[in-house]
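Open the model in your viewer and keep the sequence panel beside it. The stops below are given in the order in which to select them.

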Amino acid sequence: MFHVIIPARYASTRLPGKPLQDIAGKPMIQHVWEQARRSSAATVTVATDDRRILDACRAFGADAVLTREDHPSGTDRLQEVASLLGLGDQEHVVNVQGDEPMVPPALIDQVAADLRAFPEASIATLAEPLDDVQTLFNPNAVKVVTDHQGFALYFSRAPMPWNRDAFADGRPETLPEGALFRRHIGLYAYKVGFLHDYVRWPASPLETCESLEQLRALWFGCRIHVADACQVPPAGVDTPEDLERVRQLLAAG
């Protein structure tokens, strides 16, 4: 059994009020909630710091809670919600972002099942093969390297692993064959007990440097299991252009 929590903040630099943007006659957050409800989750809860989002969620029948506005990270917000819901330390929660209106339910089930399958892990997450130079060298695309069991060794915005010979003269036109490049997909399952530990730890130097929250977990010795996604996840909504693209996709049925 696992629970889905959907953080949804009103503030957004590139798209203010993003969770309430209309897509095919529904606010975006409703599409995310409906997709999560199609997973095997025991409960689906929207966590927001804005009463407008809270009211909208309750209007279409979602369970929603109002959280503090001063959380330094999304993980801190998850921990508050897990406490508000009274979840036990050994229970599992999946964090589904509130700007993923087309998130496949199969991916939610997969990451939850992966955490159950690896009890030594505090976190499970997903990745996909990376096969183009542009994405590898794009700092907005997070890369991950794992060990032979799939446990994360490091996450970075930089290209990794660094192929010494292929990259000796700088950025190549094509990637070398047989390379182990993987792009991280930001869908996470957590043990609730880990969330309580996480919020007590200071931000790690690596986390601050890369601006990647998961590096705090690695810094303090927690294990993160990474599985290849069972299907290609559609892109989320970060910009007005993304919003229009998703509107067109959902309108087309």
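The tour starts with a helix, then moves to salt bridges, loops and a surface patch.

This is a predicted model, in which local features need pLDDT of at least 70 and side-chain atom pairs count only at pLDDT 80 or more, while totals for chains, interfaces and linings use all residues. Residues are numbered from 1 along each chain as its sequence is written, and side-chain values use heavy atoms, with hydrogens and water left out.

**Helix 9**

Select residues 240-251, which form helix 9. Helices (H or I, at least four residues) and strands (E, at least two) are DSSP runs, numbered from the N terminus. The end C-alpha atoms of helix 9 are 16 Å apart, which agrees with the 16 Å that twelve residues should span at 1.5 Å a residue; the expected span is 1.5 Å times one less than the number of residues.

Now show the side chains of Asp242, Leu243 and Val246, which are buried. They cover an arc of only 100° around the axis, so they lie on the same side of helix 9; the arc is that of the directions from the helix axis to the C-beta atoms. Buried means under 20% relative accessible area, exposed over 50%, and partly exposed in between (1.4 Å probe, protein chains only). Turn to the other side of helix 9 to find Glu241, Gln248 and Ala251 exposed. Strand 2 (22-23) is included in what covers the buried residues of helix 9, where contact means heavy atoms within 4.5 Å.

**Salt bridges**

Stay on helix 9 and select Arg247 and Glu244, three residues apart, about one turn of the helix. They form a salt bridge, with the closest N and O atoms 3.9 Å apart. A salt bridge is a side-chain nitrogen of Lys or Arg within 4 Å of a carboxyl oxygen of Asp or Glu. By this rule the count comes to 15 salt bridges.

Which parts of the chain does the pair Lys18 and Asp238 link? In this salt bridge the closest N and O atoms are 3.8 Å apart. Lys18 is in the loop between strand 1 (2-8) and strand 2, and Asp238 in the loop between strand 11 and helix 9, 220 residues apart. Lys18 counts as buried at 12% relative accessibility, whereas Asp238 counts as partly exposed at 34%.

Next select Asp50 and Arg52, another salt bridge, with the closest N and O atoms 2.8 Å apart. Asp50 is buried, with a relative accessible area of 12%, and Arg52 is partly exposed at 46%.

**Loops**

Go to Arg68, in the loop between strand 5 (63-66) and helix 3 (74-84). Arg68 touches Asp49, Arg77 and Glu80, not counting residues up to four places away in sequence.

Move to Pro161, in the loop between strand 9 (152-156) and strand 10 (182-191). The peptide bond from Met160 to Pro161 is cis, with omega near 0°.

Then select Ala24, in the loop between strand 2 and strand 3 (26-27). Ala24 is not a glycine, yet has a positive phi of about 55°. Ser211, in the loop between helix 7 (205-210) and helix 8, has a positive phi near 60°.

**Surface patch**

Finish with Leu206, Trp219 and Phe220, which make a nonpolar surface patch of about 270 Å². Patches are made of residues with over 30% relative accessible area and no salt bridge, with like charges joined within 9 Å and nonpolar side chains (Val, Leu, Ile, Met, Phe, Trp, Tyr) within 5 Å. Accessible areas come from the Shrake-Rupley method with a 1.4 Å probe; for residues, only the protein chains shown count as cover. Phe220 sits in the loop between helix 8 (214-219) and strand 11 (224-228).
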